[in-house]
Amino acid sequence: MYKLSILSFILLISNLNWAQNDSSIFNYEDYITIVKNHHPISFQALLQIKKGEAKLKKAKGGFDPQIETEMYQKYYDGEKYYSYLHSGLKIPTWFGVDINAGYGNTEGYLLNPESQTPIDGLWQAGLSINLGRGFLIDERRAELKQAKTYVNSTLMEQKLMLNQLVFDASQAYWDWYKTHNKVEIYKKALESSILRFNIIKTSALLGEKALIDTLKSGIQVQNRELNLIQAQLELINKKAFLETFLWQDGFIPLVLDPNLKPISYKLTKSKRPNMDRLSNMDSLINNHPEMIYYRYNIDILKIDYRLKKENLKPTIKLKYNTLGTPTNQSFLGEYTLNNYNWGASVSYPIFTRKERGALQLSQIEIQEKESILQQKEALINYKLISSYNYWNSSAEQVNLYEKTIINYSALFDSELALFNIGESSVFLVNYREQELIKARIVLIELLYDNQISVLNFNYQTAKY
């Protein structure tokens, strides 16, 4: 596969709604739009629908009319021993009755007497029906019912696949957002420490500051260089992982433009949950795609159980055909009720161990799936409440810590002002600044947690 050039990538996403203030910002909405429309899993999810449609078509094929023709002849020493020809049409129906019509012609002096037909041949039309096993349901009807249910289950499977894709891709984006903003903070902190080091160094050379202050400032520069290098390494890895979700048409991987960046943490607002989201908890659970998917699977098993139960009945087959000979006036000839053949067969296993065993296994499998369904319901209920509480708590923490940042900034500004007039030390200034940097990092973590909590709640509700 070939990676799409950065220029092509820019052209691909140029039609999306970029941020008005900064065209280099690659916001979450544009990113997730590309993922939904172009990621290979999106195409794989679509294939699930096509798979269900193909299975339904295959099951419907069990009711297709069938044309059949047979012809056998034998010659020996120039003599025709026999010639047998039969051609007919068989039409299966939903009600378990097979309608058939055909024409046969036989001749030859060594022909089996019961196979002999009039010179002009013999036509027949009739039906066959299962009065015991297969009367209410048979393999063809069961397969079609299961295929129709399977089509519905593939719709839920598609939703679950897309829901998982959006969750994984979104988490990759917010990881990138977090590490990028950390790098920006460490860059500014390094620039600030270098500037302060140069000022202190100049003041020390002029005798206005102690030389020990230059050593302290130099150590601070080295520490922040280390922090920046570590953060940049993490950013490279997070960005590389983010690119694994960027594709064109599901076949061409994209490369993210190095000038693109996520939104600044300063412009990120915390999101609060709406209390109404949990007011219809029962509806959220019952309509959850995973719950519906499992119910469809149980419905498929119940159809199989019904078929296994039907197999406990004896096999009773009845077949009736009316017969006629073509005439010069009509191919059908003169119809009379006196010309017909019929047959019946009955069979039944004495102990029915195979049938009863299959029925019992089918019943156990249904019970297992129903038990899993109940467990799923309880688990989804817990995850919904838990993710909602986490979302609400994360929003409160962000709002609280935004005020804490203001206080840390005020402390640093005051300490810096005291240092400039000679009433503080480099140690205290570095300490206040380091506390402010840590506080900003914490705020980024809290904003990240808030976005992940929103993501997790939407994932648990299968909103995507």
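**Note on the predicted model**

1. Leu256 sits in the loop that runs between β6 (252-253) and α6 (281-286), where helices (H or I, at least four residues) and strands (E, at least two) are DSSP runs numbered from the N terminus. With a relative accessible area of 2%, Leu256 is buried, the classes being buried under 20%, exposed over 50% and partly exposed in between (1.4 Å probe, protein chains only). Leu256 and Phe26 are 230 residues apart in sequence, yet their C-alpha atoms are 9.7 Å apart in space.

2. The model is predicted, so local features need pLDDT of at least 70 and side-chain atom pairs count only at pLDDT 80 or more, whereas totals for chains, interfaces and linings use all residues. Residues are numbered from 1 along each chain as its sequence is written, and side-chain values use heavy atoms, with hydrogens and water left out.

3. A nonpolar core is taken here as a set of buried Ala, Val, Leu, Ile, Met, Phe, Trp, Tyr and Cys residues joined through side-chain atoms within 4.5 Å. The largest such core has 44 residues, and of these Phe26 and Tyr31 touch the most other members. At least two residues of this core come from each of α2 (28-38), α4 (139-205), α5 (211-243), α8 and α9 (426-460), and α4 gives the most, with 14 residues. Another core, of 15 residues, lies apart from it and includes Met281, Ile285, Leu373 and Leu384.

4. Helix α8 (residues 353-420) has 68 residues and should span 100 Å at 1.5 Å a residue, which agrees with the 96 Å between its end C-alpha atoms; the expected span is 1.5 Å times one less than the number of residues. In the loop between β8 and α8 lies Thr352, which is buried at a relative accessible area of 8% and has a positive phi near 50° although it is not a glycine. Most residues other than glycine have a negative phi. After α8 comes Gly422, with a positive phi near 85°.

5. Strands β1 (residues 66-76) and β2 (residues 79-92) pair in the antiparallel sense over eleven bridges, pairing being called when DSSP finds at least two bridges between two strands. Two residues separate β1 from β2 in a hairpin, and Asp77 in the turn has a positive phi of about 55°. β2 also pairs in the antiparallel sense with β3 (residues 97-107), over ten bridges, and Gly88 has Gly102 in β3 as its bridge partner.

6. A search of the whole structure finds 17 salt bridges, each being a side-chain nitrogen of Lys or Arg within 4 Å of a carboxyl oxygen of Asp or Glu. In one of them, the closest N and O atoms of Lys80 and Glu107 are 3.2 Å apart; because Lys80 lies in β2 and Glu107 in β3, the pair ties together parts that are 27 residues apart in sequence. Lys376 and Glu290 also meet in a salt bridge (2.7 Å, N to O), and this pair ties helix α8 to helix α7 (residues 289-310), parts that are 86 residues apart in sequence.

7. Within helix α7, Lys308 and Asp304 lie four residues apart, about one turn of the helix, and their side chains form a salt bridge (2.8 Å, N to O). Elsewhere, salt bridges that share partners join Lys90, Asp98, Asp138, Arg140 and Arg141 into one network.
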